[in-house]
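Reader: I have a model open and want to learn how to read it. Where do we start?

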Amino acid sequence: MPSEPSSAERRHFVPSIVDLLNNKFDPEGKQLVTAFEPENLQIFIDEERLSKLGLTLPDLAGFLRSQPFLFCAFTSDEVRLAAARL
């Protein structure tokens, strides 16, 4: 088991990541993220709402990649492309 983070800012739970996305991209509706499975770190996005907001999955992935507490973020298309190369 990993050690306790050195500060509270270094620990991020699922609700805080969902809130981060909703507050950044859908502050009024807060309906962009439909589910987050912490077991496999999959975030499910309402793609119809995403389109209505004028955004794309790469926009969200880029934002997540810019967070200092996340190592990486991939869209479903990026995962499919990588799997096809195997």
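**Reading backbone, core and contacts**

Author: Start with Leu41. This is a predicted model. At 63% relative accessibility, Leu41 counts as exposed, because the cut-off is over 50%. Leu41 lies in the loop between β1 and β2 (42-45).

Reader: What is the phi of Leu41 near?

Author: Phi of Leu41 is near 55 degrees. That is a positive value in a residue other than glycine.

Reader: What about the phi of Lys30?

Author: Lys30 also is not a glycine, and its phi is positive, about 50 degrees. Lys30 sits in the loop between α1 (14-25) and β1 (33-37). Its relative accessibility is 43%, so Lys30 counts as partly exposed.

Reader: Now the interior. What is the general idea?

Author: In soluble globular proteins, nonpolar side chains tend to be buried together. Here, the largest nonpolar core has 15 residues. Those with the most contacts inside it are Leu21, Phe25, Leu32, Ile45, Leu50 and Leu60. α1, β1 and α3 (57-65) each supply at least two residues of this core.

Reader: Which residues does Leu50 touch, not counting residues up to four places away in sequence?

Author: With those left out, Leu50 touches Leu32, Ile45, Leu55, Thr56, Leu57 and Leu60.

Reader: And where is Leu53?

Author: Leu53 is in the loop between α2 (47-52) and α3. Its relative accessibility is 33%, so Leu53 counts as partly exposed. Not counting residues up to four places away in sequence, Leu53 touches Phe25, Asp26 and Leu32.

Reader: What separates the C-alpha atoms of Leu53 and Asp26?

Author: They are separated by 7.7 Å, with the two residues 27 residues apart along the chain.

Note on methods: Residues are numbered from 1 along each chain as its sequence is written. This is a predicted model: local features need pLDDT of at least 70, side-chain atom pairs count only at pLDDT 80 or more; totals for chains, interfaces and linings use all residues. Side-chain values use heavy atoms; hydrogens and water are left out. Helices (H or I, at least four residues) and strands (E, at least two) are DSSP runs, numbered from the N terminus. Buried means under 20% relative accessible area, exposed over 50%, partly exposed in between (1.4 Å probe, protein chains only). A nonpolar core is a set of buried Ala, Val, Leu, Ile, Met, Phe, Trp, Tyr and Cys residues joined through side-chain atoms within 4.5 Å. Contact means heavy atoms within 4.5 Å.
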